[in-house]
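Below are some questions and answers on a metal site and a sheet. The structure comes first.

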Amino acid sequence: MSGTKQAKAFGTHAADKPLEALAIERRSALQHDVEIEILYCGVCHSDLHQARNDWRGTTYPCVPGHEIVGKVTAVGTHVTKFKVGDLAAIGCMVDSCRECEQCKNDLEQFCDASPTYTYNSPDKHLGGQTFGGYSENIVVDEHFVLSVPNNLDLAATAPLLCAGITTYSPLKHWKVGPGSKVGVVGIGGLGHMAVKLAKAMGAYVVAFTTSASKTEEAKRLGADEAVVSTDKEAMKKHGKSLHVVLDTVAAVHDVNMYLNLLKLDGALVLVGLPESALPVQPFNIVSNRRIFTGSSIGGIAETQEMLNFCSEHNIVADIELIDIQHINEGYERMLKGDVRYRFVIDMASLKR
Ligand code: NAP
Ligand code: ZN
Ligand code: ZN
């Protein structure tokens with residue numbers, strides 16, 4: 001077993017406590033490892049769910065953060081893809097079994113043994129749980145490290161590592177392209193990326209929001225139409241019109257009104273992870289043979305493909321850059337749907 005080093009981080013000791021400065025241990029780079037100095041980390045609603053134990057599985061202390069970009073500061077002797085000084089990124093996973101059918105098919109997110117998530121997963125090297133990107137550095141096997149395109153704004157690239165891949169993957173899986181009509185529900189971190197990506201893939205995009213103030217912005221992001229979902233008449237007008245609906249809502253909500261937007265054989269793809277069940281009315285899927293399904297992040301190869309797609313189409317997130325000391329206020333604003341459209345932490349603030 002090689003050594004460890006202390007790293008500065010920000011995290012929480014309990015579901016009802018704010019995030020604060022704390023120290024964690026990082027392993028020294030092993031043969032296949034890349035050590036990254038974290039420059040920017042996006043703030044995903046999953047960070048909030050996990051910090052506050054919404055899914056009832058959090059181990060404390062919890063250091064969230066899985067939209068990580070930074071600079072390589074050390075590499076193990078067997079590393080081939082990265083060298084010191086390169087830009088590099090980490091998303092939601094830092095390991096998996098690498099042997100099961102899913103891992104062999106580049107679907108590490110569905111690893112039979114469960115992937116090792118970037119935070120709050122059992123740490124195979126140090127014991128305890130993994131710690132995420134609200135920290136000064138991270139050490140990860142190179143298989144799980146992504147190359148960052150050099151033509152994109154670095155801070156605005158960070159959210160691609162979760163919000164980007166989580167929306168790109170189902171859009172690809174459901175073959176969205178020219179001729180597709182796609183609905184995006186919830187214009188937050190994931191939703192605003194879904195609008196941009198679906199548009200770049202050539203789809204006709206309709207945004208559904210609970211915030212009237214976001215309709216014009218959704219069009220600026222690329223939506224062809226934007227609908228306030230509490231407007232019953234407007235919702236009715238879009239009934240049976242869409243091939244795919246991507247539901248990114250972070251709280252319990254009625255999915256039936258979105259199932260009714262689907263054409264024959266259309267799919268409602270859930271990516272949002274509210275803390276409890278979402279009842280489905282049988283008639284809404286039996287008629288029109290509709291599909292109610294879900295999707296989880298994306299594999300490592302597909303994440304690199306998404307980054308390259310974004311580089312080609314000049315796509316990044318719309319961000320609000322914050323200091324780590326403002327993370328607790330950030331969480332409160334995220335709960336209200338009041339972020340335009342992703343907070344990204346300037347990790348230099350951790351040193352202040
Ligand atoms: P976010 O930035 O907070 O966006 C969620 C959006 O949902 C809000 O901006 C709001 O949009 C809408 N919303 C929130 N509460 C609502 C309510 N009570 N009723 C209706 N709409 C509501 O969150 P995010 O980071 O995009 O994450 C969204 C969800 O995806 C979270 O549950 C997160 O854990 C999950 N997630 C899943 C995966 C995966 O692999 N499947 C990956 C990442 C995140 P409007 O203002 O437009 O209504
Ligand atoms: Zn996330
Ligand atoms: Zn596996």
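Q: Which residues coordinate the zinc ion (ligand 2)?
A: In this predicted model, donors are N, O and S atoms within 2.8 Å of the metal. The zinc ion (ligand 2) has its donors at 2.0 to 2.2 Å, two of them SG atoms and one NE2. The residues that supply them are Cys44, His66 and Cys162.

Q: How many residues apart in sequence are the parts that the pair Cys44 and His66 ties together?
A: Along the chain, the donors follow the spacing C-x21-H-x95-C. Cys44 sits in the loop between β3 (33-42) and α1 (45-51), while His66 sits in the loop between α1 and β4 (68-75), so the parts tied together by this pair are apart in sequence by 22 residues.

Q: Are Cys44 and His66 buried or exposed?
A: A residue counts as buried under 20% relative accessible area and as exposed over 50%. By that cut-off, both Cys44 and His66 are buried.

Q: Which are the edge strands of the open sheet of six strands?
A: The strand order is β12-β11-β10-β13-β14-β15, with parallel pairing. An edge strand here pairs on one side only. That applies to β12 (225-228) and β15 (291-294).

Q: Which residue is the bridge partner of Val269 in β15?
A: Strand β14 (residues 262-270) runs parallel to β15, and four bridges join them. In β15, the partner of Val269 is Thr293.

Q: What angle does the direction of helix α5 make with that of β10?
A: Helix α5 (residues 189-200) packs on the sheet. The helix touches β10 (181-185), β11 (204-209) and β13 (242-247). Its direction and that of β10 make an angle of about 165 degrees.

Technical notes:
Residues numbered from 1 in each chain as written. Chains lettered and ligands numbered in written order. Predicted model: local features only at pLDDT ≥ 70, side-chain atom pairs only at ≥ 80, totals over all residues. Heavy atoms only, no water. Donors = N, O, S within 2.8 Å, 3.2 Å for Na, K, Ca; no water. Helix = DSSP H or I, 4+ residues; strand = E, 2+ residues; numbered from the N terminus. Buried < 20%, exposed > 50% of the residue type's maximum accessible area, 1.4 Å probe, protein only. Pairing = 2+ DSSP bridges. Contact = heavy atoms within 4.5 Å. Axes fitted to C-alpha atoms, helices over the stretch in contact; angles between N-to-C directions.
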